[in-house]
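Subject: Handing over the structure

Hi,

Here is the structure I promised to pass on.

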Amino acid sequence: MPSLLSRAVPAFLRITQANKPFITAEGARDHIRERTLRPQAYGPPRLLRSDVTVEVRRENGWPIYTLAPRSGRARGNVVYCHGGGWVNEVVLQHWQLAADIVARARTTVTLPIYPLVPYGTADQVIPAFAALVRANREQYGTVCLAGDSAGGQIALSTALTLRDEEQPIVPRTILISPALDLSLSNPDVLAVQPADPWLGREGGLVLGEHWRGPLPITDPRVSPLFGDFTGLGPLTVFSGTRDILMPDIRLMVEKARAAGVDVDYHEIAELVHVYPLTPTPEGRQARGLIVEALRRALEAAPARA
């Protein structure tokens, strides 16, 4: 049974109308207009972990943040792809998770601020993430990927792109409630919809149409569920069952395992979308699993000052 805090999360999401941008097509279009007129702040909070440093640079117009341990050595790097439906900026929970990964896994985290819809599209953003991973390998050695929701789509699409380029496999990709098929055509999506207090199919279709740009909705750079998973590196995947993305996540896990991919899948009944980011016992446990998976994957990376 979910913890008391986890049982309270759906009620909180409904009271705050968190699903307003997603539950209807008009709500999604209104949200895109609002975010275009009034862009959100994306910088890190002033009070993060005191044992983590934060720096920023710009590459091709993108702010690229790097979080690192304040003292001691770090091994390798994690490129974190933040979620937000391809329309919302990075938020406090993303920064906190990135800082925890740095401090507890003794690594560096790169967090790019990528362009959002209506300006950002998958055909532009996915190649840029792949290029960032390639560059970070030169600087840090081993590089892992991680992402939540829309960022999970970006992370998995990037891993597939690197595999197609015959790059070294990503030694671990962390997927937190990833969006995998932007057509949302799985009939089980509608069956889960009444239980999901956050996401919605109709608004999700509008956001996906913007995000795909000129690419077909079934292109793996848009909907990684349609990719060939052969030769992909290990995955750690999280999902709650009160999430319309869960049916496609189950399909992806099955497909990846059939292709010989090592998949560590964590599904918890009655939990919501991106539950590892929630301030709940289940969220804390999941964050511990994320840190440990990344720590193990990066152990072989050379230590750097």
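Predicted model: local features only at pLDDT ≥ 70, side-chain atom pairs only at ≥ 80, totals over all residues.

Residues are numbered from 1 along each chain as its sequence is written, and side-chain values use heavy atoms, with hydrogens and water left out.

**The sheet**

Start with the 8 strands, which form an open sheet in the order 1-2-5-4-6-7-8-9 with mixed pairing. Strands and helices here are DSSP runs numbered from the N terminus (helices are H or I with at least four residues, strands are E with at least two). Two strands pair if DSSP finds at least two bridges between them. At the edges stand strand 1 and strand 9 (263-272), each with a single partner strand, so one side of each has no neighbour in the sheet. From one strand to the next, the twist averages 15°; angles run from 0 to 180 degrees between N-to-C directions, with axes fitted as lines to C-alpha atoms, for helices over the stretch in contact.

Because 5 of its 5 residues are buried, strand 4 is largely enclosed by the rest of the structure. (Buried means under 20% relative accessible area, exposed means over 50%, and partly exposed is in between, using a 1.4 Å probe and protein chains only.) In a regular strand the side chains alternate between the two faces of the sheet. Here Asn-77, Val-79 and Cys-81 point one way from strand 4, while Val-78 and Tyr-80 point the other way.

Strand 4 runs parallel to strand 5, joined by 3 bridges, and pairs with strand 6 in the parallel sense over 5 bridges. Val-79 shows both pairings: its bridge partner in strand 5 is Thr-110, and in strand 6 it is Leu-145. Strand 4, helix 4 and strand 5 also make a right-handed β-α-β unit (right-handed if, with the strands pointing away from the viewer, the path from the first strand over the helix to the second runs clockwise).

Further along, strand 6 (residues 143-148) pairs with strand 7 (residues 173-176) in the parallel sense over 4 bridges, and Asp-148 stands opposite Ile-176 in strand 7. Helix 5 (residues 122-140) packs on the sheet and touches strand 1, strand 2 (62-69), strand 4 (77-81), strand 5 (108-112) and strand 6. The direction of helix 5 makes about 165° with that of strand 4. Helix 6 (residues 150-164) packs on the sheet too, touching strand 4, strand 6, strand 7 and strand 8 (235-242), and its direction makes about 150° with that of strand 6.

An unreviewed UniProt entry places "domain: Alpha/beta hydrolase fold-3" at residues 78-275. Such annotations may be inferred rather than shown by experiment; their positions use the numbering here, and feature names are shortened. That stretch is 40% helix and 19% strand.

The unreviewed entry also gives the annotation "active site" to Ser-149. Where does Ser-149 sit? Its place is in the loop between strand 6 and helix 6, and Ser-149 is buried, with a relative accessible area of 9%. Leaving aside neighbours within four places in sequence, Ser-149 is in contact (heavy atoms within 4.5 Å) with residues including Gly-83, Ser-177 and His-273.

**Salt bridges**

There are 17 salt bridges in the structure, each a side-chain nitrogen of Lys or Arg within 4 Å of a carboxyl oxygen of Asp or Glu. Arg-49 takes part in a salt bridge with Asp-51 (3.0 Å, N to O), and in another with Asp-100 (3.2 Å, N to O). Asp-100 lies in helix 4 (residues 92-105) and Arg-49 in the loop between helix 3 (25-37) and strand 1 (52-59), so this pair ties together parts that are 51 residues apart in sequence. Asp-100 counts as buried at 19% relative accessibility, whereas Arg-49 is partly exposed at 31%. Salt bridges that share partners also join Glu-26, Arg-29, Asp-30 and Arg-33 into one network.

Over to you!
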